[in-house]
Amino acid sequence: MKVVFERPQALSDVTTHYCPGCTHGIIHRLVAETIDELGILERTIGVASVGCSVLAYDYLECDWQQAAHGRAPAVATGIKRALPDSIVFTYQGDGDLASIGTAEIIHAANRGEAITVIYVNNTNYGMTGGQMAPTTLVGQVTTTSPRGRDTKEAGYPLRMAEMLATLKGVNYLARVAVNSPANIMKAKRAIKQAFTVQVEDGGFALVEVLSTCPTNWRLDPVEALKWLDDNMIPYYPLAEFKVSGEVK
Amino acid sequence: MAKVEFNEERCKGCGLCTVVCPEDIIALAARINKMGYHPAQVKEMDKCTGCTLCARICPDCVIKVYR
Ligand SMILES: Cc1ncc(C[n+]2csc(CCOP(=O)(O)OP(=O)(O)O)c2C)c(N)n1
Ligand code: SF4
Ligand code: SF4
Ligand code: SF4
């Protein structure tokens, strides 16, 4: 018998601090597999954001820089321009990218910075206790929307992928989910493509990954996979929005 | 011939692997590991096809698959 599946080399052999069943861990593994398969570990630099994934620098074996909340695309811009041969990616939550960091992500995308962005959308601020995020679904109960998100007060959930797809600077843009083995395999292909674009000097690439937060959703991890399917995917459709700079 | 190996001390007992196994041979053990979670374990290893679905959904990279 041969080994057909094992921990990728770029994924540190440690226990993560993530809650049981939190799919941040799956997304880390997909990035690690991509780094291994493209053979880019020695030249990859991650930019960690603020949120539950702030400790990602302990979990992937590449070099890292930690950025202030929302500023990862600006920090990544600086690193990539100073070290153009490096492969630079950010790993950001929806509170980080779609709220406090909206300006940074829009302008990095618009400038067509040659960076890769992994954007993890779990519809809330996980780290700080499950507050409403710009991505929280209409009617979704969070600690700061106890009666459900009210559009009169908070507007509608932001579809970052669709918004960014309108920008000419974007080369590759997809939305994927990690709530089933089939979706995880598709997510892997998109993440690999988003890094390949950078390896081939293609420009800005972003993958929005729909992810679970069982703890703040107050759901069992298995129920959380289904909640994502039933509630998130209808509002946040899975698709490739841009490939090789062309709108799909 | 196929088999899976679980690094039990890393398992957080989330149960995701138990629901995706097409052979339905994974279940959480009654005992607890050092972290205090009920680790996943395989009941009838001879039924494992080595499909890797359990390993692909595990957020903690607990599972190694041989085929
Ligand atoms: C400047 C600043 N403002 C606010 C905070 C508090 N804070 C920490 S994490 C976070 C939100 C994280 O949510 P998200 O990006 O969705 O990541 P998740 O934890 O859900 O993975 C906030 C508001 C901070 N650390 N710094
Ligand atoms: S709070 Fe939510 S996002 Fe953060 S580790 Fe726990 S489940 Fe994951
Ligand atoms: S490899 Fe496939 S058959 Fe074997 S335990 Fe995992 S999911 Fe079940
Ligand atoms: S998916 Fe991983 S962590 Fe969760 S129960 Fe199975 S082996 Fe344990």
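**Reading the shell and the strands**

Mentor: By class, the residues around ligand 3 are eight nonpolar, three polar and one charged. This is a predicted model, where local features need pLDDT of at least 70, side-chain atom pairs count only at pLDDT 80 or more, and totals for chains, interfaces and linings use all residues. Residues are numbered from 1 along each chain as its sequence is written, chains are lettered from A and ligands numbered from 1 in the order in which they are written, and side-chain values use heavy atoms, leaving out hydrogens and water.

Trainee: What makes Glu23(B) one of the residues that surround ligand 3?

Mentor: A residue is near a molecule or strand if one of its heavy atoms lies within 4 Å of it. Glu23(B) is in the shell of ligand 3, and so are Cys21(B) and Pro22(B), among others.

Trainee: Why are β1(A) and β1(B) at the edges of their sheet?

Mentor: The open sheet runs β1(A)-β4(B)-β1(B), with antiparallel pairing. β1 (3-5) of chain A and β1 (3-6) of chain B each have a single partner strand, so one side of each is left without a neighbour in the sheet.

Trainee: How do you know that β1(A) and β4 (residues 63-66) of chain B pair?

Mentor: Strands (E, at least two residues) are DSSP runs, numbered from the N terminus, and two of them pair if DSSP finds at least two bridges between them. β1(A) and β4(B) have two bridges, so they meet that cut-off. Phe5(A) has Val65(B) as its bridge partner.

Trainee: What joins β10(A) to β11 (residues 246-247) of chain A?

Mentor: Two bridges join these antiparallel strands, and they form a hairpin with two residues between them.

How values were computed: Nonpolar A, V, L, I, M, F, W, Y, C, P; charged D, E, K, R; others polar. Helix = DSSP H or I, 4+ residues; strand = E, 2+ residues; numbered from the N terminus.
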